[in-house]
Amino acid sequence: MLNYKGLIGTLERMRVTDAQVEKQIDRLLDQHMKTTVITDRPSQAGDELVLDYAGTIDGVAFEGGSAQNQTLVLGSGMFIPGFEEQLLGKSAGDQADVRVSFPANYHVSTLAGQPAVFHCTIRAIRVREKYCADDTFAREVFHLDSFSSLEKALRDQLQSYIDRKADEELKNDLLDQVCANARLSATSEQIARAVDREMKSLEGQLARQKLTLAAYAQFTGKTVEQLREDYLPDAKKNLLRQQVIAEIAQIEKIEADEQSVADAITALCRENGMTIDQLQPYMTDEFQAAIVRSVITDKVLSLIQENAEITVVDKDA
């Protein structure tokens with residue numbers, strides 16, 4: 001018989017500090033630069049130009065040599081050596097023929113070492129600068145009426161995140177207590193599938209870092225089979241958790257009702273900045289089954305928490 005009521009847990013209720021809010025504001029200031037159009041002087045190093053250009057070799061246009069509304073920061077070194085320097089001292093509306101030679105080791109062999117002429121039209125000159133932490137930043141970037149409103153919104157967001165993480169940690173701790181007195185009942189095939197899921201999750205994490213499983217195995221000095229062995233304990237732990245949750249759900253007659261599933265889908269869309277219509281292509285049977293499992297899991301964990309003796313500890317984050 002599972003013991004999942006009357007458990008003891010501690011909820012560390014942390015409060016967001018001013019330093020955390022300031023750090024978040026500094027990050028946002030770095031991310032959102034202010035663009036100012038320059039009309040009263042010619043271009044100089046550090047300016048961002050918006051330009052059209054058309055390149056020719058011996059008077060003949062070549063593939064990839066033309067663009068419109070291209071942005072270029074003078075001095076960035078993004079274009080062929082000598083290109084950017086010839087656009088210094090130009091004004092919006094000016095035209096200029098930029099004469100350069102492609103480097104001998106240029107990645108397109110047909111262009112390597114070739115002299116070229118780029119006919120350029122300067123559409124605009126801009127300067128990108130950091131905002132100040134003031135009302136203008138709040139209004140222009142976040143459409144809020146004041147900087148104090150931005151500070152409050154950031155504090156509320158951070159507090160909500162910290163509260164959510166603390167609640168998740170408490171629920172995981174309580175579930176670990178339940179699992180500590182439960183035994184895993186699974187076939188070798190079920191365990192193998194659980195390891196497969198762990199490996200698939202690892203592959204997904206690696207893919208986001210532009211890595212493959214084989215490359216990761218080589219980097220760690222292990223074979224893929226050795227990696228599977230490493231993930232076996234986690235697979236068994238997660239499998240036991242799933243079994244415990246399923247058993248409690250059966251005992252308590254907990255189900256994923258239609259409204260709860262709809263609420264979960266709405267929350268998922270909100271977290272990922274998607275609409276329901278945009279989510280539709282991903283709504284496979286497997287995806288919907290995963291949503292149902294998550295709803296049941298949330299309900300079971302909430303029931304365990306509601307029936308536990310929780311000590312709340314207040315502290316700074």
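## Contacts of L158

Leaving aside neighbours within four places in sequence, L158 is in contact with V16, Q20, V21 and Q24. L158 itself belongs to helix 3, an element that covers residues 147-180. A further pair shows how separation along the chain and separation in space can be stated side by side: L158 and H32 are 126 residues apart in sequence, and their C-alpha atoms lie 19 Å apart. These values, like all those below, are computed from a predicted model.

## Overall form of the chain

The chain contains 10 helices and 7 strands. Along its principal axes, the C-alpha trace spans about 85 × 50 × 40 Å. The radius of gyration of the chain is 29 Å, whereas a compact globule of 317 residues would have a value near 20 Å.

Of the 317 residues, 31% count as buried. The accessible surface of the chain comes to about 20100 Å², and carbon and sulfur atoms account for 49% of that surface. Contacts between residues at least 6 apart in sequence may also be sorted by separation: 69% of them join residues at least 24 apart.

## The largest pocket

The largest pocket has a volume of about 940 Å³. It is lined by 23 residues, of which Q242, A290, R293, S294 and T297 are the closest to its centre.

Four helices each supply at least two residues of this lining: helix 3, helix 4 (188-208), helix 7 (232-252) and helix 10 (285-306). Helix 7 provides the largest share, with 8 residues. By class, the lining of the largest pocket divides into 10 nonpolar, 7 polar and 6 charged residues.

## The second largest pocket

The second largest pocket holds about 580 Å³ of space. Among the 17 residues that line the second largest pocket, R164, E168, E271, S294 and D298 are the closest to its centre.

Helix 3, helix 8 (258-272) and helix 10 each supply at least two residues of the lining of the second largest pocket. Helix 10 gives the most, with 8 residues. The lining of the second largest pocket has 8 nonpolar, 2 polar and 7 charged residues.

## A54 in strand 3

A54 is found in strand 3, which comprises residues 48-57. Not counting residues up to four places away in sequence, A54 touches G65, S66, V117, F118 and H119. The C-alpha atoms of A54 and A67 are separated by 6.7 Å, and these two residues are 13 apart along the chain.

Is A54 buried, partly exposed or exposed? The relative accessibility of A54 is 36%, so A54 counts as partly exposed. The reasoning rests on two limits, since buried means under 20% and exposed means over 50%.

Most residues other than glycine have a negative phi. In this chain, N69 has a phi near 55°, a positive value in a residue other than glycine. N69 is placed in strand 4, which comprises residues 60-73.

K253 likewise has a positive phi, near 55°, and is a residue other than glycine. The position of K253 is in the loop between helix 7 and helix 8. K253 has a relative accessible area of 71% and therefore counts as exposed.

Note on methods
Residues are numbered from 1 along each chain as its sequence is written. This is a predicted model: local features need pLDDT of at least 70, side-chain atom pairs count only at pLDDT 80 or more; totals for chains, interfaces and linings use all residues. Side-chain values use heavy atoms; hydrogens and water are left out. On a 1 Å grid over the protein atoms alone, a cavity is a set of points where a 1.4 Å probe fits but cannot get out, and a pocket is an open set with protein on both sides within 12 Å along at least five of seven lines; lining residues have an atom within 4 Å of a point. Grid points are joined across faces, edges and corners, and a volume is the space filled by probe spheres set on the points. Ala, Val, Leu, Ile, Met, Phe, Trp, Tyr, Cys and Pro count as nonpolar, Asp, Glu, Lys and Arg as charged, and the others, Gly among them, as polar. The radius of gyration is taken over C-alpha atoms; the globule rule is 2.2 Å times the number of residues to the power 0.38. Buried means under 20% relative accessible area, exposed over 50%, partly exposed in between (1.4 Å probe, protein chains only). Contact means heavy atoms within 4.5 Å. Accessible areas come from the Shrake-Rupley method with a 1.4 Å probe; for residues, only the protein chains shown count as cover.
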